[in-house]
Amino acid sequence: MLYSKLLIPTLKEDPAEAEVISHRLMLRAGMIRKVAAGIYTYLPLGWRTVRKVAEIVRQEMDKAGAQEVMLPAVQPSELWKESGRWDYYGKELLRLKDRHDREFCIGPTAEEVITDLVRREVKSYKQLPMNLYQIQTKFRDEIRPRFGLMRGREFIMKDAYSFHKDKESAEAEYWNMYETYKRIFTRCGLNFRAVEADTGNIGGSFSHEFMVLAETGEDFIASCDSCDYAANVEKAECRPPEVVDTRRVPRDMLDEDDGGELKPIEKVHTPGKKTVEEVAEFLGVKTSKLVKTLIYKYARGVNAIPPLRETPQLRALFPDHGMGVAVVLVRGDHEVNEIKLSKILETSEPIELADEETVRRITDAPTGFAGPVGLSGIAYADDALRGMKNFITGGNEADTHLKNVNTRDFQASYFDLRNIVSGDACPKCGAGKIEIFKGIEVGHIFMLGTKYSEAMKCMFLDDDGDNKPMIMGCYGIGVGRTAAAAIEQNNDKNGIIWPAPIAPYEVAVLPLNINDKGVMDAATEIYESLKKAGVETVLDDRDLRPGFKFKDADLIGFPVSVVVGEKNLKDGLVEVKRRSTGEALKVRVSEAARKAGEILTK
């Protein structure tokens, strides 16, 4: 393709609206343009990359035995009400009415529509298993769309749904998709990890996220340095401490002057010291010697362990009896994992830290001085507290903390409540240490079970003639997001460094003087040779200075450039340059196309 015929409106300066690298570079390279908040037009170069990602996805899904369909983007409310998600999904669901005042939504996902299709058309176990997928535009009305294609409202997604007669078949397909996703992201040229993940709003029993490793990622990944364990920090389990002697613990858990014996509680004055860091510095101890006491409010589940007995004080606070208050204890250098806590509290509603008034009513102290000693009821304590002795907590009165608190001094039930951190023992092998990486989620697979099939009566007749709900799996890939994540992982100060399989064009031929017949003849010869070999090539036929052409080629990220200049041509040579390393080789004109092809395949 001739550059002069392409729509590539590159920008010299970084757009003010762009917050992350991929957004900035896709705008500057003329790949996308904003239409509205979180909604973008794909220009030719951007669309070529998105199509390439989609084609890799399509080929691997087909190879794995899935069948492609196309489902409607506009979905009737009746199906969503059947599944129970019409009210639950929230404002992210874009709702509308047709001329007959019937309610619809723009689908953010398609569990309801696909389940409706299958329940109408599949009746017997002989028709199962079945995996149906589509590559289609979705819409989620994000409250704050940002980062370009990384978190838009309108986006392109591959979503697949499998249907099974039993758990064994469903799990087999889950791992089939797991391996399929690994092939997809490998073919896209990405450095990624498959990690254990929380199931979130989709629901289901277990899931994996596929994360592209990048310093600009919003997600944190816990990975073992010895085994294959990897999990999203939100999901990662923490290995409980090994405490053998109930009276003595390892020296590294204690201050140097602490022999490990249980000491009597000592009240200390800590004027104005509220944060863990302030108290630790004031008392001259490590933050790991403190225990934080956090008060959470939540919508109470049916079977949750009662966090506090319902005193008259609490009944006055929460007269509807639907709200609960949980006292949560974690080590001073650890953070509460609110997803884990929500599961323990058996609540699907968001939990939140209690306000100042609630804290005062429960602890008789201002925020910053809460502690478990003297509180009625049962606290939720993180497992790490099992290995602690003589620690420091708030004293439940202003400007006061307690030293030498021990688990004997309060009632608590112990759970894994915290975020895993670097240096923790691996929860899987125990021998390795956890490392934390940043990542960008590009794919997610779920074992849904019968969540939707039971709600929507998606049934089949088994070989005994019994009617049973189908077991389902769900498998998504953000197609546009994958393209953006590739940029986040592959860039430098000059622009994009595309992995060759998803680059909009593979090679750019750059004649440095289009008015020189010899230069143009050599450039055209190389261009035609590359096209004949099936290499997607751009010939930069613009009448511009070499510096402009070099900058645009680096900005756009062509994996290989062939530079044709008068000086080298005098010796019958041209320069073949690899974008990722900057390595440049001088080769004869007749060898340029072959050499460029070799670089692309390495």
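## Close-up views of a predicted model

**View 1. Glu19 and Arg144 meet in a salt bridge, with their closest N and O atoms 3.9 Å apart.** Glu19 sits in the segment before α1 (21–28) and Arg144 in the loop between β7 and β8, so this pair ties together parts that are 125 residues apart in sequence. A salt bridge here is a side-chain nitrogen of Lys or Arg within 4 Å of a carboxyl oxygen of Asp or Glu. Helices (H or I, at least four residues) and strands (E, at least two) are DSSP runs, numbered from the N terminus. Glu19 counts as partly exposed, at 45% relative accessibility. On this scale, buried means under 20% relative accessible area, exposed means over 50%, and partly exposed lies in between (1.4 Å probe, protein chains only). Searching the whole structure turns up 47 salt bridges.

A word on how to read these views: the model is predicted, so local features need pLDDT of at least 70 and side-chain atom pairs count only at pLDDT 80 or more, while totals for chains, interfaces and linings use all residues. Residues are numbered from 1 along each chain as its sequence is written, and side-chain values use heavy atoms, with hydrogens and water left out.

View 2. Lys63 counts as exposed at 59% relative accessibility, whereas Glu60, at 2%, counts as buried. Lys517 is exposed, with a relative accessible area of 62%, and Asp521 is partly exposed at 42% relative accessibility.

**View 3. Strand β7 (residues 130–139) has 9 of its 10 residues buried, so the rest of the structure largely encloses it.** Strand β3 (residues 67–68) runs parallel to β7 and is joined to it by 2 bridges; two strands count as paired if DSSP finds at least two bridges between them. Within this pairing, Glu68 has Tyr133 of β7 as its bridge partner. Strand β8 (residues 154–164) pairs with β7 in the antiparallel sense over 10 bridges. Here Met130 stands opposite Phe163 of β8.

**View 4. Strand β24 (residues 471–478) is mostly covered, with 8 of its 8 residues buried.** Ile471, Gly473, Tyr475 and Ile477 point one way from the strand, while Met472, Cys474, Gly476 and Gly478 point the other way. β8 runs antiparallel to β24 and is joined to it by 8 bridges, with Asp159 opposite Gly476. Strand β21 (residues 434–449) also pairs with β24 in the antiparallel sense, over 6 bridges. In that pairing, Gly449 stands opposite Met472.

**View 5. The largest nonpolar core holds 68 residues.** Such a core is a set of buried Ala, Val, Leu, Ile, Met, Phe, Trp, Tyr and Cys residues joined through side-chain atoms within 4.5 Å. Met31, Tyr181, Ile184, Phe185, Phe210, Trp498 and Ile556 touch the most other members. Ile184 is in contact (heavy atoms within 4.5 Å) with Ile56, Val57, Glu60 and Ile477, leaving aside its neighbours within four places in sequence. A second, separate core has 23 residues, among them Val509, Ala523, Ile526 and Ala592.

**View 6. Glu506 is buried yet has no salt bridge.** Its place is in the loop between β26 (495–496) and β27 (507–511). The nearest side chain of opposite charge is Lys52, 5.3 Å away; Lys and Arg count as positive and Asp and Glu as negative, with His and the chain ends not counted. A polar atom of the Glu506 side chain lies 2.8 Å from the backbone nitrogen of Glu536. Not counting residues up to four places away in sequence, Glu506 touches several residues, including Lys52, Gly534, Phe558 and Leu600.

**View 7. Helix α16 (residues 589–601) has buried residues that include Ala592, Lys595 and Leu600.** Val589, Ala593, Ala596 and Ile599 are also among the buried residues of α16. Their cover includes β27, α13, β29 (560–564), α15 (566–569), β30 (573–578) and β31 (584–588).

Methods: A polar contact is a pair of N or O atoms within 3.5 Å; within protein, one must be able to donate a hydrogen and the other to accept it, and residues adjacent in sequence count only if both atoms are side-chain atoms.
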